[in-house]
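The following questions and answers are intended for careful reading beside the model. Please keep the sequence and the three-dimensional view at hand.

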Amino acid sequence: MEREVAIIGYAQTPYEEDADASREILVLRAAREALASAGLSRDDIGTVITANNDYLDGRTISNMRLVEPSGACLKDESKVEMDGAYAALYALMRLLSGFHDVAMVIGESQASVYPTYAPGVMTLDPTWDRQRGLLNEVSAAALQARSYMNTYGISEEQIAAVAAKNLGNAVKNPLALRAVPGATVEQVMGSRMLCSPIREMCAWPATDGACAIVLAAGDVARKANRAAWIRGVGFYHDSYLTERPLDKMTSLKMAADKCYAMAGIEHPEVEIDLAEISELFAHEELMAYEALGFCAEGKGGEFIDSGATRMDGILPVNPSGGVLAANAVCAAGLARLAEAAMQITGEAGDHQVKGVKTALAHGQTGLCAQENIVYVLGGE
Amino acid sequence: MKSGEGLKNVKRMSVPFAPVFNWSVGNWMEQFFDGLKQKKILASKCAACGRVYLPPRMICERCFDKTEEWVELPETGTVETYTMAHVGVADNGELEDLPEPQIIAMVKHDGADTCMAVRVDAQDCNVGLRVKAVWNAEPDGVLDALSAYRALD
Ligand SMILES: [Zn+2]
């Protein structure tokens, strides 16, 4: 990239079922804390990009009253109505334009406020699928999971192993909503069946929370307290879910390839030390291993069985607990970026993995991961 | 946020949000619906690449152009993937247990390149199962003319 850009500050609120705070206060806490961690003040901010959703917030132009808590008053400000990882992309572009040196990026939502599964239904084709009442986030993900399992011979236990790993990891993340000490495959397999093969512990939990990161370019980044440099980014959009093969994540693979080319990564399975993946449902993490080139096509099940992605494995995935541990919609992918940055700067606390020099973060939007974005971050 | 004692859920304000939008279904879906009334399954076809869309789409995303041809497809197809749904989304937007589990499948009609998400009336299902459309004898409207699919004998 012409201009080097780094994540120099970050903060997440605790993820809760029903946060005892308004959205404005959640955003204020995350934004102030992120800015403080960057060692900057509001005067230093050039541009503010938020990720929020009119439907989730129950108001149109839902960023409007976030001007105050995001620090955006009388500043360059805009919004994406997608995952926060895309807000970070927008901010990155603003910095690469050369017009700004510092960007504040915020994602937030409160599932306790909106009807949890209605937004997913609202994303369906209104003239047919929505009228038929069969598809929703869970049944759509179940169709994706079955398709993947059938093509590649993946077992329910291998999918459950993702949930057991991530919910177990979450115990060491004080901000996680759902943490299960010593979570086992048997425990996951015993949780309530929602839509086969998706069980309750393999599906995201309804979550309140916010995440903020501070991006900086040029001298500001070089002089910062800490820096996780953005080495590459890639993003692609796939077809509507009934019009594409569901047994693979084509847009994620393309996004990863683009990102790796930019970051100069040729062997992701060796060169990447850690990944934070947006697995809204457990099977998506296995599919992502393949799309991200961590293992060969169809080998996602074997890869989790090998222990490679455990906290003490060769390529730990989701030491934070991932999205299965907390899914504040619009903040989830941004939180992956924050977590990946924390691992690079050595500030991940109890879930810190040793020696992380190159980390990957993934965000997604849309039913069955229709759109995917991948970042590679590096240290000095 | 732990900023004060007894602050938990001080007050909840209900904000109704129930707009009704009147979408045009578009000429293509209208033809599809008209077909269903006559128990015909009509799909749109891209003249450039030959891709057959069911439900019909007006635009071929690959060719970046309108689909101009129509083809009538047989009532038979193949299950590409399926789920046994134990829950659905209730009117209040939360998950609720279904009275009976139901099989939802992505069915690719013979001759189509895309899938339709449909209900399959069967005890069991598997990927590759051959199925046939079941027409509703007394549909309420056009949307439930095609009621479900059943396994081909
Ligand atoms: Zn075409």
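Q: Are Cys46(B) and Cys60(B) buried or exposed?
A: This is a predicted model, in which local features need pLDDT of at least 70, side-chain atom pairs count only at pLDDT 80 or more, and totals for chains, interfaces and linings use all residues. Residues are numbered from 1 along each chain as its sequence is written, chains are lettered from A and ligands numbered from 1 in the order in which they are written, and side-chain values use heavy atoms, with hydrogens and water left out. Buried means under 20% relative accessible area, exposed over 50%, and partly exposed in between, with a 1.4 Å probe and protein chains only. By this criterion, Cys46(B) and Cys60(B) are both buried.

Q: Which protein residues are the donors of the zinc ion?
A: Donors are N, O and S atoms within 2.8 Å of the metal (3.2 Å for Na, K and Ca); water is not among the atoms, so sites may look incomplete. In sequence the donor residues follow the spacing C-x2-C-x10-C-x2-C. Their SG atoms lie 2.3 Å from the zinc ion, and the residues are Cys46(B), Cys49(B), Cys60(B) and Cys63(B).

Q: How many residues apart in sequence are the parts that Cys46(B) and Cys60(B) tie together?
A: Strands (E, at least two residues) and helices (H or I, at least four) are DSSP runs, numbered from the N terminus. Cys46(B) lies in the loop between strand 1 (41-45) and strand 2 (52-53) of chain B, while Cys60(B) belongs to strand 3 (residues 59-60) of chain B, so the parts tied together are apart by 14 residues.

Q: What is the order of the strands in the open sheet of chain B?
A: Two strands pair if DSSP finds at least two bridges between them. Strand 1 and strand 5 of chain B pair in the antiparallel sense over five bridges, and Lys45(B) stands opposite Glu69(B) in strand 5 of chain B. The open sheet has three strands with antiparallel pairing, in the order 2-1-5.

Q: How many residues of strand 7 of chain A are buried?
A: Strand 7 of chain A, residues 208-217, is mostly covered. Asp208(A) and Ala210(A) are among the residues that point one way from this strand, whereas Gly209(A) and Cys211(A) are among those that point the other way. The number of buried residues in strand 7 of chain A is ten of ten.

Q: Which residue is the bridge partner of Met104(A) in strand 7 of chain A?
A: Strand 4 (residues 102-110) of chain A runs antiparallel to strand 7 of chain A, and nine bridges join them. In strand 7 of chain A, the partner of Met104(A) is Val214(A).
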